[in-house]
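Please look over the sequence and the model below before reading on. The paragraphs after them move from the chain as a whole to a single residue.

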Amino acid sequence: MKELDNYSVQYIKGVGEKRATLFNKLGIFTLDDLVHYYPRKYQDWSNTYTVTTAPENEAVAIKATMITPVKESLIRKGLTLYKCNFSDGENVINVTIFNNKYLAGSLRTFDDYILYGKLERNFTRAQMNSPQIEKLDASTGIHPIYSATDRLNSRAIAKVVKAALEKVELFPETLDDEIKSKYNLCSLDYALRQIHFPSDMKAVEKARRRLIFEELLTLQIGLLKLKDKKSADNELKIGKDYSDEFYSLLPFEPTNAQINAVNDCINDMKSENAMNRLIQGDVGSGKTAVAGAVIYTAIKNGYQAAMMAPTEILAFQHYESFKKLFEGTGITIALLTGSTKASEKKSIKKSLIDGNTDFVIGTHALIQNDVEFRNLALVVTDEQHRFGVEQRANLAMKGNSPHLMVMSATPIPRTLGLIIYGDLNISILNELPKGRQPIRTDVVDTSYHERIYKFIRDAVDAGRQAYIVCSLVDESENELISAKEYAEQLSENAFKGYNLGLLHGKMKAKEKDAVMGAFARGEVQILVATTVIEVGVDVPNATIMLIENAERFGLSQLHQLRGRVGRGGDKSYCILVSDSKSDASGERLQVMKSTSDGFKIADYDLKTRGPGDFFGKRQHGLPNLVIADMLDNMDTLIECQECAKEMLKEDNRLDGYPLLVKEINDMFRKANY
């Protein structure tokens, strides 16, 4: 037969042209897609119970004989009940079927069946509501349950999968015997058959182990190959390290972590391959100073540099900081954003292509087609998780394989960082600059509001500023007060006479920038905001961060918000308000109170809440995983990293693994690589 990925699902027994469109909606177009559409769970019909032995509140299979005919009752329009009785040999089971005329009509008195569902018992009777019912001879074994739709149910999908598996004599192996033996993997053929129709639950585990391993291995090899591909020959080598000269411009002494990160970057830029490096640092760890040292060195070696920030106001802040820092060094710097005047844009673009501007800072405006450089050697992107892989690549294409530095303040445990940013080398900033005061964090309930408001008023009266963060923008059925409504309440009551600003995600970019700019200039004293300030500008004068309904946020998000204060030399405070009585919420907020280490917080958050937005496509652009989970399968992930490196070391082109190469290409093609 044709290759599996060329065999249309339409031609599998039980499908046809019309039904194929229903499969297409599930992302299933070929036989290959179908066999990789794995069950989301299983029902074990192989172990049967009696009314006496069946566990409470758990779906079970009960072998029973139908002992009364079906009685039909029309309750109201759209609701018909069908009732009948079954016996397990000792006890009677009252069964109710809702709106399923076909099933009710197929049942025959004195025939034997398997009833699958939850059994409800009391002293006088046992009953099952809407159980699945199948003839005894057709219902043994473990049943796969697939994600389905109204018009294509799980049972129908299972029948088609069975027909598809019968069409394939043997699924060809992608891994050699040595790898399978070393990592205790079953054959691919066994895995694909058992994942759908397992002989027992142990077979499911063996099949999952193999398929998870293969998926993570495919991802790992693809990322390593991507890194090799991005390791372009370094045609922009720097001859001299100017970082010590740069450090003399700083008003503070750099940390060892900053010096080490700068050294990593300089060594990359001197090496045979162009730099591709992530600078990952906790809030306030000094990533910008690291970028400054590398930018300074690149420019002093005769090249140009560019930095892209996610918002205009952040780009402006970087521009102001670097303009001040590079004053008197002879370095020319420009700011290019969407709101730069047309005449100024034209002048900046000409200056870049003529080589008269050394360093440009901007937003997405930098990746427009008409922005060109004379000799761009270094590209820096700030707040990496705000940019897609494609945007990062577009800016890098502006030069002749320029060096690439990306910066992220989202703390991610190192092992996960190696996966998410698998195409980059990583330097971690795990020290805070000297003299930075720890932020005091308190967890209180709403009974403290009046005291908190007075505390904020006193701080503002003393010339400081404050953030107040809430989680909703508009009124809803939820009891939580929206940002708009809360800001109005505060301005009329607790902070009457003070200048309050409002910032939320539904505002236009220019409106956000105007409010944030007013806050940065000190014109707004108290900023009521949603989490749009999670990544924002430095306002050294802001010393208080009040977060309402703190239990609703992830810990890493709370940590990012807390990092908006404590940017100056004054003592700063983060107040987490929560009325939640949940032990889990209380424990999570106490973690915030007890540590300021973003990596420890992220680790705890990932373990307790799951990956959430860490692995959202917006953030990393990685291929989707079908069966593997980066957190749940961390041990396998580490094994796959080891295996991938060994395989590429022995056979860099993977000539011995043509089918695996095809899987890698397919995975990354679907992710638009």
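What follows describes the overall make-up of the chain, the confidence in its parts, and one residue with its surroundings.

This is a predicted model, in which local features need pLDDT of at least 70, side-chain atom pairs count only at pLDDT 80 or more, and totals for chains, interfaces and linings use all residues. Residues are numbered from 1 along each chain as its sequence is written, and side-chain values use heavy atoms, with hydrogens and water left out.

The protein chain contains 23 helices and 24 strands, where helices (H or I, at least four residues) and strands (E, at least two) are DSSP runs numbered from the N terminus. Of its 673 residues, 51% are buried, a term that stands for under 20% relative accessible area with a 1.4 Å probe, protein chains only. Among contacts (heavy atoms within 4.5 Å) between residues at least 6 apart in sequence, 72% join residues at least 24 apart.

Confidence is given as pLDDT, the predictor's value for each residue from 0 to 100; its mean over the protein chain is 86, and 88% of the residues reach 70 or more. The lowest confidence is in helix 21 (residues 617-620), with a mean of 40, and the highest in helix 6 (residues 188-196), at 97. Over residues 612-620 the pLDDT is below 50, although this stretch has 27 contacts in the model beyond near neighbours in sequence.

Gln 127 belongs to strand 9 (residues 126-129) and counts as buried because its relative accessibility is 16%. Leaving aside residues up to four places away in sequence, Gln 127 touches Ile 93, Asn 94, Lys 118, Leu 119 and Glu 120.

Methods
Buried means under 20% relative accessible area, exposed over 50%, partly exposed in between (1.4 Å probe, protein chains only).
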